Structures are given as structure tokens and as C-alpha cells.
Amino acid sequence: MTRFRLVLAAGWVLTLVPGAAGQVTPRAGWSLAAGAQDLIQAGAWGCVAGVTAAPGLVTVSAGSGGYNTAINTTGPVLMVNGDFSVLARLSAPNSPGAFLTLVGALNNGAWWQGLKRLDVGFTGSAMQSNYWTGSSSTATLTSLGTLPAGDPVTFEVARIGTQFVIYVNGTQAGSFADPGVFASGTVYLGFNVAPGGTLAVSGLAAAVPSGAPANASFFAPWLQTIARSGSGLRDLADQGGFLVGAAVDPSLFSQSPYSQDLGCEFNLVVGANAMKFAETEPGPGQYNFCAADEVVAFAQANGMKIRGHNLVWQQDLPSWLTTGNYSAADAANILQDHIQTVVSHFKGQLILWDVVNEAIAYGAPYGPQPSYWLNQFGSLTSYVDQAFRWAHAADPNVKLYYNDTGGEGLGAKSDAVYNLVSGMVSRGVPINGVGLQMHVTLSGAPSPAAVAANMARYAQLGLEVQITEMDVRLPVPASASDLQAQSGVYSGIAATCMAAPNCTAFLTWGVGDPDSWIPGAYPGFGAALLFDDQYQPKPAYYGVASAITAAVAKPRIFYGGIVIHAGVSSTVSPGSLADIYGSNLAAAARSLPAGATELAPTLGGTQVTVNGVTAPLVYVSPSQAIFQVPYETAPGTATVVVTSGSAASGSAPLTVSAAAPSILTYGDNRAVVVNQGGAINSATACAAPGSRVVAYLIGSGPVDNPIATGALAPQSPFSQETLPVSVTLDGTAAPSVPFAGMAPGFAGLVQLNFVVPAVAAGDHALIVSFGSAQSNQPLMCVSQ
Ligand code: XIL
């Protein structure tokens with residue numbers, strides 16, 4: 001038989017029989033329960049204390065001092081109802097005793113108090129079962145005969161009616177009355193190993209009588225999908241493509257009002273602590289993503305986005321690090337490994353990382369925050385810049401934020417944060433946004449105007465912002481008037497964020513007052529969040545809800561939602577067509593009337609302006625508007641506003657350059673090219689070298705025969721590009737470009753006639769340049 005050698009992370013080697021891992025076979029008439037066919041793989045055993053988890057194998061060892069009873073209280077549990085069984089394939093040769101341990105209720109005092117538990121296994125060569133009912137430390141023992149020869153041995157504990165029936169290797173070994181061990185409907189899975197023994201579990205599953213699939217299901221708090229009310233904050237926010245979030249503690253996912261509010265109200269989560277340094281790297285080079293993975297799983301099960309928080313902070317550092325006497329070079333290596341490992345673990349699953357948190361001091365004069373990292377790296381910018389570069393290297397697609405507290409409005413702290421961030425931008429450090437924490441009091445909260453001004457200066461740097469950790473702490477017990485005032489602070493900040501074109505999310509630091517960090521951090525204060533002690537909405541909740549409702553009723557241009565028409569580039573040129581993506585941009589979809597001889601200044605009551613100049617329209621709908629960049633728009637950053645009826649959007653930035661060639665594409669990045677003879681170029685319709693083809697683009701440069709904004713390009717004389725035009729296929733230049741100019745009878749459409757260069761048969765990247773501006777690189781096929 002073929003055996004695979006599997007090298008495990010810890011460096012040890014294990015031999016597995018292929019196909020056997022995790023699988024056990026139910027008895028005739030029974031079937032494995034859905035989702036519970038392989039409870040080794042699904043059980044998240046790597047997060048359970050006292051066990052070693054490897055693919056397809058759980059190992060439990062006991063030292064000489066006592067039994068090791070490892071109960072999986074953090075992983076998924078079985079939910080049972082009626083007849084069910086649990087099967088476990090146990091291998092513990094030479095061990096004094098080993099058991100499958102099933103727990104219906106955890107202890108609530110001394111180890112046996114309230115504990116409802118059933119163990120089935122062996123001591124020496126005697127098989128036995130023991131159960132505890134919560135009122136005594138003494139177990140009730142049932143003998144099950146002699147352990148059969150051979151290894152491993154499969155034990156099955158079946159609850160059938162009011163009996164427990166035990167099967168060993170498929171044969172009944174005994175039965176006894178069930179005192180109600182699993183009356184709770186919950187079964188925690190575990191194992192119990194006698195002193196000096198080692199148990200390897202290579203199969204674990206739940207079974208139900210065939211035809212009774214509902215009798216057992218596998219449940220984890222973080223796998224539950226919360227039934228949506230349809231009228232939560234997230235539903236309002238979704239109408240405007242906006243994110244409203246909360247900091248979460250995955251150990252609370254099992255609590256119903258908490259998880260209900262979380263799943264119904266928020267479309268974004270951040271781990272309050274789960275992704276921080278001490279949690280994710282509790283020992284040197286030893287990583288633990290148990291809690292963080294639960295945050296990710298809950299979010300994914302409930303259609304929520306996830307922020308990563310945080311990679312570098314002066315708090316929450318493990319003592320192995322801070323007392324480890326590491327050299328500066330060691331510390332840099334440790335941080336690089338941490339960032340690389342943690343960012344890689346979550347690659348593709350997060351919208352962004354708070355790479356560095358609170359690197360500016362909490363107090364005046366707001367110099368560098370005292371920190372282990374500052375000491376080791378020697379300067380603020382050296383560790384901050386380096387951390388962002390490492391994070392970017394680990395995942396070039398995840399956005400990277402700097403997050404800080406107390407600098408949300410204007411003032412000395414805000415300036416210190418701004419100076420740090422603007423310095424990073426000027427040094428070319430990969431940063432996408434700034435988190436404004438917003439832990440405030442009623443009297444200390446910044447004004448909405450100051451927050452708006454601060455957001456605007458980050459927009460000028462090309463950065464997005466988010467309100468990342470808002471809470472408004474009140475002296476407790478909170479008065480009715482304070483709760484009203486709190487609502488005003490919340491709604492003012494939420495409205496400010498939604499009105500700022502670069503503010504992409506609003507988060508509170510916690511779901512409701514019971515899970516807030518405020519009472520712990522600020523004794524005498526509390527009541528800081530949107531939900532009260534019973535997780536019922538507070539005035540602040542209604543304040544935020546109405547701010548979101550008002551904001552989404554108006555046209556909203558999504559952040560980064562303006563791109564060249566039919567492309568992805570955010571750079572456009574005067575005269576080119578561009579697309580706006582957003583919400584409530586128009587009352588309904590409207591196109592130009594058939595045969596129109598010019599674009600429309602308004603369509604269906606919608607108007608777009610660029611730097612205050614009306615931009616003619618091709619098409620509008622609630623979610624999209626296609627407009628022409630007025631020819632008079634100067635290169636640089638322009639501002640775009642959409643007005644629908646009487647409501648105006650915020651003003652969004654638009655990058656305008658002299659030329660912005662963008663080849664139209666279809667399918668999987670194929671250039672829109674018409675071959676000589678009229679066929680559309682494709683993998684099966686290739687153009688011959690030397691033939692004349694026509695490509696279509698958006699984003700012309702200046703033309704020799706100027707066209708009025710909104711007018712169609714003339715037939716005679718043509719409007720031709722004045723910038724030098726180059727056309728290449730994988731670097732080989734087209735031998736001639738007989739025409740490059742505006743397609744007659746169209747607005748903003750560039751037509752390019754060129755002769756196909758002699759290149760190898762097959763697909764090549766087509767690149768067009770107007771002056772120094774280079775296009776996208778779609779594929780074009782050349783024949784033999
Ligand atoms: C807090 C957590 O909420 C607490 O549970 C923990 O004990 C300390 O950290 N600014 C931040 C957050 O960026 O990470 C902090 O979270 C709150 C202040």
C-alpha cells in the first residue's frame with residue numbers, strides 16, 4: 001500500500017494511510033450527519049488547549065501527573081435532537097487508558113459541578129463507560145467487556161431513545177439508561193487520556209438514523225447566519241454603497257442579542273483584539289489565528305466586510321518580545337516576519353489593514369509615541385515606513401491605513417498625524433487611508449466642520465479616511481439628556497463621513513454598551529455605543545440611522561467610482577467619456593434619444609458638472625452616469641458633482657491628464673479591434689501581419705480640428721491626434737498608423753487605423769501611446 005509522508009509545520013513527520021483520514025463508516029441504517037462527516041477537519045482542533053492538531057489527526061497526550069481531559073469548547077459543537085451517535089477511531093496502543101469524551105453541559109463550579117459528561121473507552125484492557133450528571137465527582141461506571149485486539153479501535157456512542165448503546169468496531173458492547181446527559185441539545189467533543197498515555201484520533205464523525213437528518217447538526221457560533229431584518233443600519237448603508245461597522249469579540253458570537261444586532265445592523269467588522277500582536281503571535285514565531293479566523297468566518301457567513309486591526313502598535317505586545325532582550329536587527333526581523341505571516345494569512349479576505357496604530361503620542365507636544373518599535377528602529381518614520389512596505393509586499397492588493405486617536409478634527413494632534421502621513425505620501429510609502437478613531441466625550445468631540453476639514457486635506461493627498469472606533473462615553477448612569485446629546489454627536493459625525501467623498505466607512509468600537517471597552521478604560525463612564533445594556537437601540541442609533549438615510553437619499557459618488565468609460569483607469573483626458581458609479585445618481589435609466597446629434601446637458605433630471613462646468617451626458621441610471629469630460633477641463637485634479645432633481649452629491653475628485661488612451665475591451669481582456677475584412681479580432685479570428693486593422697479607444701489627446709464639448713466628431717475635415725502616436729504588439733511597433741483621431745459621428749471615441757506588425761502567431765499585448773501617456777494592455781491575435 002502506498003503511504004504518504006507528511007511533513008508538518010512543527011517539523012515532525014507522520015505517516016498516513018491515504019483516504020482514511022477523518023472517515024468513519026456508519027452502521028447499517030445510519031448515515032453520517034450533514035456537516036459532521038469529518039469532525040477532525042471541521043472541529044478547529046488547532047484552537048483547543050491540550051491537543052495537537054494535524055490534517056486528519058488529533059493527538060492528545062497526558063504527562064505522568066494526571067489525566068489530560070481536552071474538551072473542544074471553542075470549536076463547533078453538535079446540536080442534537082432524538083437519536084444520534086458519535087463515532088471515533090482511537091489509537092492508543094501502550095497507553096494506560098483513553099476515552100472519547102462527550103459533554104452535554106460544562107461545569108459551573110468545581111470540575112464536576114453542573115458537568116454532564118459521558119466517557120467511552122478503555123482502561124488497561126477493560127472497556128468501560130463513565131458518566132457524570134453534575135451533582136457528584138463520582139462517575140457511574142458501566143463495563144463494556146475486553147478491548148478487542150488490533151489498532152485502531154472505533155468506538156460509537158449512540159443515544160437511541162432513552163438508552164445509550166455502545167458499539168466497538170461496529171459490534172454492540174453494552175447499553176445503559178441515559179440519565180439525560182445531552183438534554184441540553186448540545187454536545188461538546190473531547191478526549192480523555194490516562195497519565196503517561198498518548199491518544200491519536202484519526203476519525204471522528206456524527207451519525208443519525210437514515211431518514212432523520214435533522215437529529216444532529218454541527219454548529220459554531222461563528223458559522224451562524226443571522227436572519228436579517230432588512231431594515232438595519234447596514235440595509236440603509238447598502239443603498240449608498242457605504243460601510244457601517246463594529247469592533248467585535250468572537251467569544252460573544254454565541255450570545256444571541258449580541259450576534260443578532262451584529263448581523264442585522266452592520267456590514268463591516270473589525271476584531272477588537274483578535275488580530276493584534278499578542279493574540280496572533282503569542283510565542284516567538286508561533287502564530288495563533290483562532291479568534292481572528294472566527295471573526296473572518298462570521299463576517300463571511302453574514303456578508304460583511306472585514307478590517308484588519310492592527311499590525312504595529314506600542315500596546316498589546318507579548319512579553320516574550322518586550323522582555324526578550326532582542327537586538328535592533330532581531331526586532332526588525334521579528335516585525336517583518338509578523339507582518340508577512342499575518343498579512344499573508346488573511347490575504348484576499350480583508351478590505352484593509354491598520355498597519356500602524358497610534359504612532360503619535362497621546363499628549364502634547366504630539367511627538368513620536370514612546371514604543372518598543374520606536375526604541376528598536378530609532379525613529380518614527382523608519383518603523384512606520386518599513387511596516388507599510390512590508391505589508392504591501394505581503395499583499396499588494398489590500399489597502400493600508402494609518403490609524404490614530406484624538407486627531408479627528410483640527411488641532412495639534414491632527415496636524416502631527418497629518419504631517420506623518422503626508423511625509424509618507426511624499427516618500428512614496430504605500431498608504432491608502434487614514435483611520436480616525438473618534439473615542440470622544442460629549443464636550444470633547446470635534447465639530448463636524450473640523451472633521452470635514454481634516455477629511456478634506458487627506459482627500460487632497462489622494463487618501464481615503466474612515467471613522468474607525470467611534471464611541472461617545474457618558475458619565476453613568478447616563479441621563480436622558482446626555483443620551484440625546486450623544487445622538488447628536490453620533491449623527492453629526494456619521495453625516496460628516498457620508499458627505500466626505502473620501503470617507504468610506506463608519507465604525508463603532510463595539511456593538512452595544514455591555515461589550516464596550518469604555519467602563520474598563522474610563523471608570524465612571526459608559527453607555528458609549530448605539531445599543532443599550534439589553535442590546536436595544538438607543539437615541540444614538542436613531543441618530544446614525546437618520547444620518548445614513550439622509551445621505552443615501554442624495555446622489556452619492558462611490559469613492560474611486562469615476563473611471564474612464566468602459567475601463568478601470570481613474571485618469572481621464574479632456575473630451576473623453578467617463579463613467580461615474582454611485583447610488584441615486586438618477587431617478588431612472590435614461591439614454592440619449594436615438595439619432596441624437598449631440599450629447600445631452602441633462603438626462604432625466606440628472607446633471608454632471610466638472611469644475612462647475614456642465615458635462616454632457618450619454619446615459620444615466622441610479623447606479624451609473626456616462627459623461628464627457630469638457631474639453632476646457634485643465635489637467636490636474638478636477639471635482640465632479642452629480643445633481644439629481646434638486647439633490648446634489650458631494651464633490652468627487654477626477655484626475656485629468658492631457659491624454660489617457662484606454663483601449664476598449666471585451667471578454668477576457670481582449671482589445672476591440674476590427675480586422676481587415678470586418679471580423680472582430682479574437683483568439684479564433686486573428687489579423688494577418690501586414691493587414692490593416694482598426695482599434696477603438698477612449699481618452700484622446702488634443703486634436704487638430706477642435707470639437708465642441710458635447711458635439712459629435714466631424715466627417716470633414718477629420719479631427720486627428722496631435723500628440724505622437726505609437727502602436728506596439730508586445731513591443732514590436734506597427735509599421736504604419738494611417739489614422740489616429742476621433743471616430744466621425746461619435747463623441748469621445750478614438751479610432752486608430754494601423755498595419756499589423758510581423759510578430760509570431762498568437763495573442764500579443766496591444767499598447768497605444770499618445771505622447772507619454774500609455775494605454776492598458778489588452779490582447780490582440782495575430783495569424784501566421
Ligand atoms: C482596546 C480593546 O477594545 C480592549 O479590549 C483592549 O483591552 C485594549 O484595546 N484604540 C485602539 C483599539 O486602536 O485597539 C483599542 O482597543 C481602543 C483604543
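This is a predicted model: local features need pLDDT of at least 70, side-chain atom pairs count only at pLDDT 80 or more; totals for chains, interfaces and linings use all residues.

Let me begin with a question: is Arg-228 buried, partly exposed or exposed? Arg-228 is partly exposed, with a relative accessible area of 39%, where buried means under 20% relative accessible area, exposed means over 50%, and partly exposed is what lies in between, computed with a 1.4 Å probe and protein chains only.

Residues are numbered from 1 along each chain as its sequence is written, and side-chain values use heavy atoms, with hydrogens and water left out.

For the elements I name, helices (H or I, at least four residues) and strands (E, at least two) are DSSP runs, numbered from the N terminus. Both partners, Glu-156 and Arg-27, are buried.

Returning to Arg-228, this residue forms a salt bridge with Asp-235, with 2.6 Å between the closest N and O atoms. Asp-235 counts as buried, at 15% relative accessibility, while Arg-228, as I said, is partly exposed.

Another bridge joins Arg-457 to Asp-415, the closest N and O atoms being 2.9 Å apart. Here the partners come from two helices, Arg-457 from α10 (residues 448-460) and Asp-415 from α9 (residues 412-426), so the bridge ties together parts that are 42 residues apart in sequence. Arg-457 is buried, with a relative accessible area of 18%, and Asp-415, at 33% relative accessibility, counts as partly exposed. Where salt bridges share partners, they join Arg-228, Asp-235 and Asp-238 into one network.

What, then, of an arginine that is buried yet has no salt bridge? Arg-89 is such a residue, and its place is in strand β8, residues 84-91. The nearest side chain of opposite charge, Asp-38, is 9.0 Å away from Arg-89; for charge, Lys and Arg count as positive and Asp and Glu as negative, and His and the chain ends are not counted. A polar atom of the Arg-89 side chain does lie 2.2 Å from the backbone oxygen of Gln-23, and the side chain of Arg-89 also makes a polar contact with the side chain of Ser-202, at 3.0 Å. By polar contact I mean a pair of N or O atoms within 3.5 Å, where within protein one must be able to donate a hydrogen and the other to accept it, and residues adjacent in sequence count only if both atoms are side-chain atoms.

Now to the cysteines. With a disulfide taken as a pair of cysteine sulfur atoms within 2.5 Å, the count comes to 3 disulfides.

Cys-47 and Cys-290 form one of them, with their sulfur atoms 1.9 Å apart. The torsion about this S-S bond is about -100 degrees, so the disulfide of Cys-47 and Cys-290 is left-handed. Cys-47 lies in the loop between β3 and β4 (52-54) and Cys-290 in helix α4 (residues 290-301), and the pair links distant parts of the chain, 243 residues apart. Cys-47 is partly exposed at 29% relative accessibility, whereas Cys-290 is buried at 15%.

A disulfide also joins Cys-497 to Cys-503, S to S 2.0 Å; the torsion is about -85 degrees, so this disulfide is left-handed, and both cysteines are buried.

Finally, Cys-686 is joined to Cys-781, S to S 2.0 Å, and with a torsion of about 70 degrees that disulfide is right-handed. Cys-686 counts as partly exposed at 25% relative accessibility, while Cys-781 is buried, with a relative accessible area of 4%.

Notes:
A salt bridge is a side-chain nitrogen of Lys or Arg within 4 Å of a carboxyl oxygen of Asp or Glu.
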